[in-house]
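Please read this report with the sequence and the model side by side, and look up each residue as it is named.

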Amino acid sequence: MKNILLIVPYGGVGGIERLAINFYTQYKSQGYTVKVIKIIQLESDIVHFGKDEIAFSTIDFIQMSFLNRFCFYCKIPFLIHKIIKKNNITHSISFGDMTNVFSTLSFSKEYKIGSIHSFKSIELKERNFLNKIFKLAYKTTYFFFDKVVCISETVKLDLIDNCGFKFKKKLQVLYNPHDINAINRLSEENFESVFEEQLFQNKVILFLGRITLVKALWHLIKSFSLIENIDNSIKLVFIGEGDNQITNYLLELSVKLGINDNVVFLGKKSNPYPYLKRASILALTSYYEGTPNVIIEAIVVETPIISSNCTDGLKELMSYKEYITINDFISTESGLITPNFYFGSLNIPLDESITKEEIIFSKAVTEVLNNEDYYNNKIKENKFQLLGKYNLEAIASSYISNEH
C-alpha cells in the first residue's frame, strides 16, 4: 500500500494548488493514504485537504521578520522528515522550487519526486537570496530526488541548457493532468451574485490567474484600450489576486486610458469555471509560463484562447495537429498565439506608450470577437484530441511509478 505525501507552499487557487488537489482526489479514490503539507496556511485559502492537511505556519513569509523567516526555513526540512517518518510515507511529491528544496534537505528515505512548473531561466533572473538557493539546488541537492517531473519538453530543455541542471537522468516530462469531468461539472454552477450574472451578459475578455509581474497584465489593459467598443458591451474581467502594487497600477492605468468603466476586478474565486465557461475569450499576456493550466481548462469548457507566445511549449498545448501563421499571429485549434511581450525586464514599465505587440494582441481579440461562432465551433470540434494527453489517472500513476 502506498502512503503518499504532497507538499505545497500555499493553499491559493494557482496552478500548483489545483494540480495538488487533483492528485489528492485521485490518489484517495485509489485507496491510498494521502497527507498534504502546506508550508503556509492562511484564512484566505481556497484549496483545502480536510483532516489530511498539515500546516507548518499560519503566518505568511512576508509577515515574518528576517530572522524568524530564516529560522523557519531552516526548520522546515526537519518538520518534513518528522511527518514522513510518523506517517510511514512511501512516496512524496513536492510542487515548485521552494518545496523541492525543502524536500531534498529532509534526507528522508521515501521515493522522492520533485516537480518544475515554469520556464526557470527567465523566472530566476532576478538576483535575490531564494533564487540563488534554487539555482544552486539544481546542481547539488536535487541529487536526492528519485525523479524530477517537468511539465513540458521545453521546461526540461531549459533546465538543462540554461539553468545548469546537473542530474539529467532524473528528469521526466509529464503534462499537468486535469479532472475534465470535475471541471465540466463545476462550470455548470451559478455565479456568486446578480452583478456577475449581468456582467457576463456582455462579451467578456477574461484573465484568470495570479496577478504577478510575470503575467504582464498592463499589456492586456493597453491592448484592450485599442479595441473598438462603441456601445461598451465588451468587458475586461480579472479573476485572481496577487501583488497589490500591480493591481493598483492596473487600476490607475485603466483610469488613465479611459476604460475603467469596462475593466472589472472580481478577486479570487473558489470556483472560477462558470466564469471561464461564460467568457468570450481567455486572454494571457504573460512574459513566460510553463504549461498554463488555465489554457487546458479553457479548452475543457470550450472558451477560445488568445495568448502571447510565452513559452515554446505553447503550441503543444493549443494545437494537436497543425497551426498556421495568419497576419501577425498563429492560429491553432483552440485559439490564437501572438508575439511575446518580454524584452528583458520584469518590472512595472515606466513607458506606457502603445507597443507593436499590443496592437497585434488587440487585433487578435477583435478577430475572435467578430467571428465567435467560427472559433467556438473550432475548439468544440477538436476538444477530444486536444485533451487526450492530460488524463489525470494516467499521469498521477506515472508520477509515483518507479520507472521514468
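## A residue at the core

Leaving aside its neighbours within four places in sequence, which residues is Phe 23 in contact with? In this predicted model, where contact means heavy atoms within 4.5 Å, Phe 23 meets Leu 6, Ile 93, Phe 95, Pro 177, Leu 392, Ala 396 and Tyr 399. Phe 23 is also named, together with Leu 6, Tyr 27 and Tyr 399, among the residues with the most contacts inside the largest nonpolar core, which has 98 residues. A second, separate core has 35 residues, including Ile 80, Ile 89, Ile 116 and Leu 171.

A nonpolar core is here a set of buried Ala, Val, Leu, Ile, Met, Phe, Trp, Tyr and Cys residues joined through side-chain atoms within 4.5 Å. Buried means under 20% relative accessible area, exposed means over 50%, and partly exposed lies in between, as found with a 1.4 Å probe on protein chains only. In soluble globular proteins, nonpolar side chains tend to be buried together.

## How the model was read

Residues are numbered from 1 along each chain as its sequence is written, and side-chain values use heavy atoms, with hydrogens and water left out. As this is a predicted model, local features need pLDDT of at least 70 and side-chain atom pairs count only at pLDDT 80 or more, whereas totals for chains, interfaces and linings use all residues.

## The whole protein

The secondary structure comes to 16 helices and 15 strands, which are DSSP runs numbered from the N terminus (helices are H or I with at least four residues, strands are E with at least two). The radius of gyration, taken over C-alpha atoms, is 21 Å, close to the 22 Å that the globule rule (2.2 Å times the number of residues to the power 0.38) gives for 404 residues, so the protein is as compact as a globular protein of that length. Along the principal axes, the C-alpha atoms fill a box of roughly 65 × 45 × 45 Å.

Of the 404 residues in the protein, 56% are buried. Among contacts with a separation of 6 or more, 72% are between residues 24 or more positions apart.

## The second largest pocket

Rolling a probe the size of a water molecule over the atoms shows where empty space is left. On a 1 Å grid over the protein atoms alone, a pocket is an open set of points where a 1.4 Å probe fits, with protein on both sides within 12 Å along at least five of seven lines, and its lining residues have an atom within 4 Å of a point. The second largest pocket holds about 430 Å³ of space, where the volume is the space filled by probe spheres set on the points, which are joined across faces, edges and corners.

Its lining has 22 residues, of which Arg 18, Ile 21, Asn 22, Leu 186 and Tyr 273 lie nearest the centre of the pocket. Two or more lining residues come from each of α1 (15–29), α7 (180–186) and α12 (293–300), and α1 gives the most, with 5 residues. The lining divides into 11 nonpolar, 8 polar and 3 charged residues; Ala, Val, Leu, Ile, Met, Phe, Trp, Tyr, Cys and Pro count as nonpolar, Asp, Glu, Lys and Arg as charged, and the others, Gly among them, as polar.

## Residues in a helix and a strand

Thr 247 lies in helix α10 (residues 244–256) and counts as buried at 16% relative accessibility. Beyond its neighbours within four places in sequence, Thr 247 is in contact with Ile 211 and Phe 265.

Asn 3, in strand β1 (residues 3–8), is likewise buried, at 14% relative accessibility. Not counting residues up to four places away in sequence, Asn 3 touches Thr 33, Asn 87, Asn 88, Ile 89, Thr 90 and His 91. Asn 3 and Ser 92 are 89 residues apart in sequence, and their C-alpha atoms are 8.5 Å apart in space.

## Residues in loops

Asp 60 sits in the loop between β3 (53–57) and α2 (66–86) and is buried, with a relative accessible area of 14%. Its contacts, not counting residues up to four places away in sequence, are Tyr 10, Ile 40 and Leu 42.

Ala 216, in the loop between β8 (203–208) and α9 (217–225), has a positive phi of about 50 degrees although it is not a glycine, and at 0% relative accessibility it counts as buried. Phe 107, in the loop between α3 (97–104) and β5 (111–116), has a positive phi near 50 degrees and is partly exposed, at 48% relative accessibility.
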